[in-house]
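Grab a pencil and work through these exercises with the structure open beside you. Each task comes with a solution in steps.

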Amino acid sequence: MRQELDRIRKPMGTRENPVRTCKDLFYGHPQFSDGWYWIDPNIGMPDDAVYVYCNISASGETCVFPDMHSSQMPNIPWRKENEHGDWYSNLRGGFRITYESIGVVQMNFLRLLSQEAYQNFTYTCINSAGWYSVPGYNHDLALKLLGENEDKFSYGGTRPSVIVDGCKTRKSKSETVFVVATKKLKQLPLIDFYPIDYGLPHQAFGFSVGPVCFK
């Protein structure tokens with residue numbers, strides 16, 4: 001009986017005994033290690049529980065990864081249909097970043113139980129600028145990021161943080177790493193991006209998307 005009460009008061013994060021969020025797991029079992037656990041934000045039947053990564057060491061951040069097939073793309077040359085570029089999902093062979101492992105209902109409840117969120121986006125490049133352009137001394141080639149609620153993150157609007165900008169020379173193989181952090185939780189996760197500097201000979205780009213982490 002006591003063990004059963006403990007399971008109710010302090011869920012273990014298993015498939016049969018999920019927690020609401022990783023924050024609850026941190027409060028109930030601070031000795032647990034970072035890793036994969038089951039959460040059930042809407043506290044319904046465990047049938048719709050979601051498998052997420054819990055950063056217990058970061059006070060219980062709940063991290064939802066994008067679907068594997070839409071989370072990355074290696075550097076390849078892309079054809080430019082017009083001089084201004086387009087959203088990646090509109091390019092021939094492009095696609096939107098998806099998160100089918102967590103349904104709309106569970107994502108909404110996770111937002112309600114959180115105060116802020118952040119996500120990394122890495123633009124990989126060959127002779128292509130992702131944010132600042134050293135040859136142009138400007139940000140005219142800076143890409144844009146699109147949040148789930150269609151809000152945009154760009155140099156001319158709400159700016160993401162740029163923690164690495166190796167693509168700025170336009171003369172190398174490197175990467176530019178963005179971080180979007182927000183308290184407007186409907187802005188995340190990221191679902192698309194708008195590259196500009198591509199289509200010339202010897203240019204190529206790719207990307208990888210990290211998990212969206214709620215805390």
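**Exercise 1. Find how far apart the C-alpha centres of domain 1 and domain 2 lie, and describe what the two domains share.**

Step 1: the C-alpha centres of domain 1 and domain 2 are 31 Å apart. Domain 1 covers 1-61 and domain 2 covers 72-214, with bounds from an automatic or database domain assignment.

Step 2: 11 residues of domain 1 touch 10 residues of domain 2, where contact means heavy atoms within 4.5 Å.

Step 3: together the domains bury about 830 Å², with 64% of it on carbon and sulfur atoms. Buried area here is the accessible area (1.4 Å probe) that the two parts lose on being put together, summed over both.

Step 4: on the domain 1 side, Pro 41, Val 50 and Glu 61 lose the most area to domain 2, together 53% of what that side buries.

Before going on, a word on the source: this is a predicted model, where local features need pLDDT of at least 70 and side-chain atom pairs count only at pLDDT 80 or more, while totals for chains, interfaces and linings use all residues. Residues are numbered from 1 along each chain as its sequence is written, and side-chain values use heavy atoms, leaving out hydrogens and water.

**Exercise 2. Work out which residues are linked with Arg 96 in a network of salt bridges.**

Step 1: Glu 150 pairs with Arg 96, their closest N and O atoms being 3.6 Å apart. These two sit 54 residues apart, Glu 150 in the loop between β6 and β7 and Arg 96 in the loop between β4 and α3.

Step 2: Arg 96 also bridges to Asp 192, at 3.9 Å between the closest N and O atoms. Asp 192 lies in strand β10, 96 residues from Arg 96; strands (E, at least two residues) and helices (H or I, at least four) are DSSP runs, numbered from the N terminus.

Step 3: so the network links Arg 96, Glu 150 and Asp 192.

**Exercise 3. Decide whether Asp 192 is buried or exposed.**

Step 1: buried means under 20% relative accessible area, exposed over 50%, and partly exposed in between (1.4 Å probe, protein chains only).

Step 2: Asp 192 has 2%, so Asp 192 is buried.

Notes. A salt bridge is a side-chain nitrogen of Lys or Arg within 4 Å of a carboxyl oxygen of Asp or Glu.
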